[in-house]
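Here's a quick briefing to read alongside the sequence and the 3D view. Take a look at the picture, then work through the points below.

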Amino acid sequence: MTTQDEVLEAARRLVDAFGAHDVASYFDGFAADATFVFPNCPAPLESRAEYEATWQDWEQDGFRVEGCTSSDPRVQLLTDDVAVFTHRVTTALAGEEAPQHERETIVFRRDAAGRWLGVHEHLSPDPTA
C-alpha cells in the first residue's frame, strides 16, 4: 500500500464513522492536539476534547448524522509523515430536509505507531453545490 493509499484509507475511515454517527470511531481518527475550523463555530476548536464537548452540545440540540458521502478526493504529501487531504462531502442530518454540501480539508500526520491521524480539519460550504 502506498503512502497516498494509507492517507485515503484513514480519510475513508473518518468519513464512514462520521456518516454512521459512530462517535467513538470518528474521534479516534484525530490526534488529541488536533484543531478544527467549522463555519458554524465562532472560533477555532483548539483540541479534540474541545470538539468532543461541542459535539455533545450539538447532540443535546438534536444533532445526528444520518449519512455522509465523499467525492473528489485528493492527497498532497508534504513529507513522509504529513499529508493534506481535500474532498467534497454531502451530509444528511436528522431533521434537515436538504443535505449539506461542503468542502473539507484534513491535515493528517503519521504517529509513532504508523497511524495516520487528523491534526487539522477545515470545513466550508461548497460554492458549487
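Let's start with D72, which sits in strand β2, a stretch covering residues 65-77. Keep in mind that this is a predicted model.

**Backbone angles to spot**
- D72 isn't a glycine, yet its phi is positive, at about 55°.
- Is D72 buried, exposed or partly exposed? Its relative accessible area is 34%, so D72 counts as partly exposed.
- H21 also has a positive phi, near 55°, and it's a residue other than glycine.
- You'll find H21 in the loop between α1 and α2.
- H21 has a relative accessible area of 9%, which is under the 20% cut-off, so H21 is buried.

**The largest pocket**
- How much space lies in the largest pocket? It's about 500 Å³.
- The lining is made up of 25 residues, and the closest to the pocket's centre are F18, F63, L93, Q100 and L123.
- Several elements supply at least two lining residues each: α1 (3-19), α3 (48-60), β3 (82-93), β4 and β5 (116-125).
- Which element gives the largest share of the lining? That's β4, with four residues.

**E104, a buried charge**
- E104 belongs to strand β4, which runs over residues 100-110.
- Although E104 is buried, it has no salt bridge.
- The nearest side chain of opposite charge belongs to R103, and it's 11 Å away.
- What E104 does have is a polar contact, side chain to side chain, with H87 at 2.5 Å.
- Not counting residues up to four places away in sequence, E104 touches F85, T86, H87, V89, E121, H122 and L123.

**T91, tucked into a strand**
- T91 is part of strand β3.
- Its relative accessibility is 3%, so T91 counts as buried.
- Setting aside neighbours within four places in sequence, T91 is in contact with F18, V65, G67, C68, P99, Q100 and E102.

- V23 is in helix α2, which spans residues 23-28.
- With a relative accessible area of 26%, V23 is partly exposed.
- V23 and W55 are 32 residues apart along the chain, but their C-alpha atoms are separated by 9.0 Å.
- Leaving out neighbours within four places in sequence, V23 is in contact with W55 and E59.

Notes. Residues numbered from 1 in each chain as written. Predicted model: local features only at pLDDT ≥ 70, side-chain atom pairs only at ≥ 80, totals over all residues. Heavy atoms only, no water. Buried < 20%, exposed > 50% of the residue type's maximum accessible area, 1.4 Å probe, protein only. Lys, Arg positive; Asp, Glu negative; His and termini not counted. Salt bridge = Lys/Arg side-chain N within 4 Å of Asp/Glu carboxyl O. Polar contact = N/O pair within 3.5 Å; in protein donor to acceptor, adjacent residues only side chain to side chain. Contact = heavy atoms within 4.5 Å. 1 Å grid on protein atoms, 1.4 Å probe; cavity = no way out; pocket = protein on both sides within 12 Å on 5 of 7 lines; lining within 4 Å. Points joined across faces, edges and corners; volume = space filled by probe spheres on them.
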